[in-house]
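I opened my notebook for a new protein chain today. Here is what I looked up, one entry at a time.

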Amino acid sequence: MTKSNSLFACERALAWAPSNIALVKYWGKRDHALNLPTHGSLSLALGDKGTWTELSWDFFADQDFVSFNEKQLNLESVEAARLLKFLDRFRPAGIKGAYRVRTCNNIPTAAGLASSASGFAALVKALNKLHGWNLDSKKLSVLARIGSGSACRSLYAGFAIWHEGKRADGEDSYAESLDVAWPGLRWLVFMPSKDKKELSSREAMKQTAQTCPWFNTWVTQSKVWLEEAKEAVLNQNFTKLGQIMEASSLMMHASMLSTQPWNLYWKPQTVDMMHRVRQLRQEGVECYLTMDAGPSVKILYFENDRLHLEKMTQDLDASSLLWVNPWSKPEEKLRSV
Ligand code: DP6
C-alpha cells in the first residue's frame, strides 16, 4: 500500500483500547441505531487487558480483510458483518481498495468481558489516525458508541463516565474520563466458562426494555446511583462505591429475570462465587462484585487484601482467574505486516 491520497494520513494505523467494566450499568436504549442509553453509566477500565487494532487501506483489494487474533474472519460472520457495517460510515468514496483490519484481544471474547467495547474503541482510534481526523476523545467516544454503547467508555484508562445526553443525534451522549487516581484498586475476574454467550447483550437488553414490567424503576434508580457513584469515586469512598456497584449489577440481572421469556447468564459457579465474596466481606475483607452479560464475576478489591482473595479462590482452576491491575499499561503486541 502506498500513501497516495489526502484521505489517508498514514499507511498503517495502530491503536489500543482497554476493556472496561461498568460499576453503574448501561442496560436500556432510547435509540437502537445510535446506541443512545436510557441513563448514564460509570466504569473502571481493565488496564492492560483489551484490544490492539491495526488498520490500513489496501489500494489493490476488492474486498475488506478482517482478522481476529491472527485468524481471518469470514466477512459474513456476525462479528465481521457488524464491524464492516460500522466501517461503511467512514469508507472513502470513489477510491479503489478496501480496509484491512487486524485486531487482537488479550481477553476471552464474548465471555461477558466487554470485548466489543475495547474493539470498537480501538477501531475508532485507528480510524482517527489512518484518516488524520485529529478528533478529540469526546468526539471519538461518540463514534465508538455507535459501534457498541459501552465502547464509548473504553476510550479511557481508569474511571469513565458516559453521559446519557438528550439530543436525538447523540452528539451529547459521550464518555469522559473521571480523572481520579486510586492506585490500590484491583480487579479479579472469575470466568467459569469461556464459551460464547447464548444471548447477546444487545438482544437481552432489548428484551428487558420491552418486557420487564418495572423497567422505568430501573432507569430512575440507575440515574440516582450514577450521581452517588460519581461522588464516591471522587471522594474515594470504597464502601459506597462497592455497594452501588453490587446493587446496579444485581438489579440489572433481576430485570432480566423479569422479562418474557426470562434470561439468566449465571452458572452455578457464578452463584458460588457470589457467596464466597459475601462471606469474605463478612470476615472483614472489603471487596465487591459485579456481573455483566455472561457468567463471569468481577471482584473489586484492594491490593493489600490480595492474599485473602488468593485463599478464597485457591481450590479453583487458575486459568479461570484473571488478576488485573486497572492501572497497568499495555505492551505493544502487534508486529508490522
Ligand atoms: C452488561 O455495549 O455490549 O456490559 O450497545 O448493544 O453494543 P450495545 O451493548 P453493549 O452492552 C453492555 C452491557 C453491559 C453493561 C455495561 O457495560 O454498562
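My entries below go through salt bridges, rings, surface patches and some backbone details of this predicted model.

**Entry 1: salt bridges**

I started with charges, because side chains of opposite charge can pair when their charged atoms come close. How many salt bridges does the structure hold? I found 18 salt bridges.

I picked Asp64 and Arg91 to look at in detail. Their closest N and O atoms are 2.7 Å apart. Are the two partners buried or exposed? Asp64 counts as buried, at 11% relative accessibility, and Arg91 is partly exposed, at 26%.

Next I looked up Lys223, which forms a salt bridge with Glu164; here the closest N and O atoms are 3.5 Å apart. I found Lys223 in helix H5 and Glu164 in the loop between strand E8 (159-162) and strand E9 (175-178), so the pair ties together parts that are 59 residues apart in sequence. Lys223 is partly exposed, with a relative accessible area of 35%. Glu164, at 15%, is buried.

Arg276 forms a salt bridge with Asp272, and the closest N and O atoms are 2.9 Å apart. Both residues lie in helix H7, four residues apart, which is about one turn of the helix. I noted Arg276 as buried, because its relative accessibility is 19% and the cut-off for buried is under 20%. Asp272 is partly exposed, at 34%.

I also came across a network of salt bridges that links Arg12, Glu54, Glu70 and Arg102.

**Entry 2: aromatic rings**

How many aromatic pairs are there? I noted a count of 15 aromatic pairs. In one of them, the ring centres of Trp57 and Tyr99 are 4.9 Å apart and the planes stand at 90 degrees, so I wrote this pair down as edge-to-face. Trp57 belongs to strand E4 (residues 41-58) and Tyr99 to strand E7 (residues 98-105); the pair links distant parts of the chain, 42 residues apart. Trp57 is buried, at 1% relative accessibility, and Tyr99 is buried, at 1%.

I then looked for a cluster made by ring pairs. Phe159, Trp182, Phe238, Tyr288, Phe302 and Trp327 are linked into one.

Phe215 counts as buried, at 9% relative accessibility. Along the chain, Phe215 and Met256 are 41 residues apart, yet their C-alpha atoms are separated by 9.9 Å.

**Entry 3: patches on the surface**

Which residues gather in a patch of positive charge on the surface? I listed Arg82, Lys85, Arg89, Arg202 and Lys206. Helix H1 (78-87) and helix H4 (201-211) are the elements that give two or more residues to this positive patch. I checked Arg202 on its own: Arg202 lies in helix H4 and is partly exposed, with a relative accessible area of 31%.

I found a nonpolar patch on the surface too. Leu257, Trp262 and Leu264 form this patch, with about 330 Å² of accessible area together. Leu264 lies in the loop between helix H6 (238-257) and helix H7 (268-282), and Leu264 counts as partly exposed, at 38% relative accessibility.

**Entry 4: backbone details**

I reminded myself that most residues other than glycine have a negative phi, and most peptide bonds are trans. Then I looked for exceptions.

Where is there a cis peptide bond? I found one joining Gln260 and Pro261, with omega about -5 degrees. Pro261 is in the loop between H6 and H7.

Asn69 has a positive phi, near 50 degrees. Asn69 lies in the loop between E5 and strand E6 (71-72) and is partly exposed, with a relative accessible area of 35%. Asn134 also has a positive phi, near 55 degrees. I found Asn134 in the loop between helix H2 (115-130) and helix H3 (137-147), and Asn134 counts as exposed, at 72% relative accessibility.

Methods: Residues numbered from 1 in each chain as written. Predicted model: local features only at pLDDT ≥ 70, side-chain atom pairs only at ≥ 80, totals over all residues. Heavy atoms only, no water. Patch = residues over 30% accessible without salt bridge, like charges linked within 9 Å, V, L, I, M, F, W, Y side chains within 5 Å. Areas by Shrake-Rupley, 256 points an atom, 1.4 Å probe, with all protein chains shown as cover. Salt bridge = Lys/Arg side-chain N within 4 Å of Asp/Glu carboxyl O. Lys, Arg positive; Asp, Glu negative; His and termini not counted. Charge placed at Lys NZ, Arg CZ, Asp CG, Glu CD. Buried < 20%, exposed > 50% of the residue type's maximum accessible area, 1.4 Å probe, protein only. Phe/Tyr/Trp six-rings, centres within 6.5 Å; stacked < 30°, edge-to-face > 60°.
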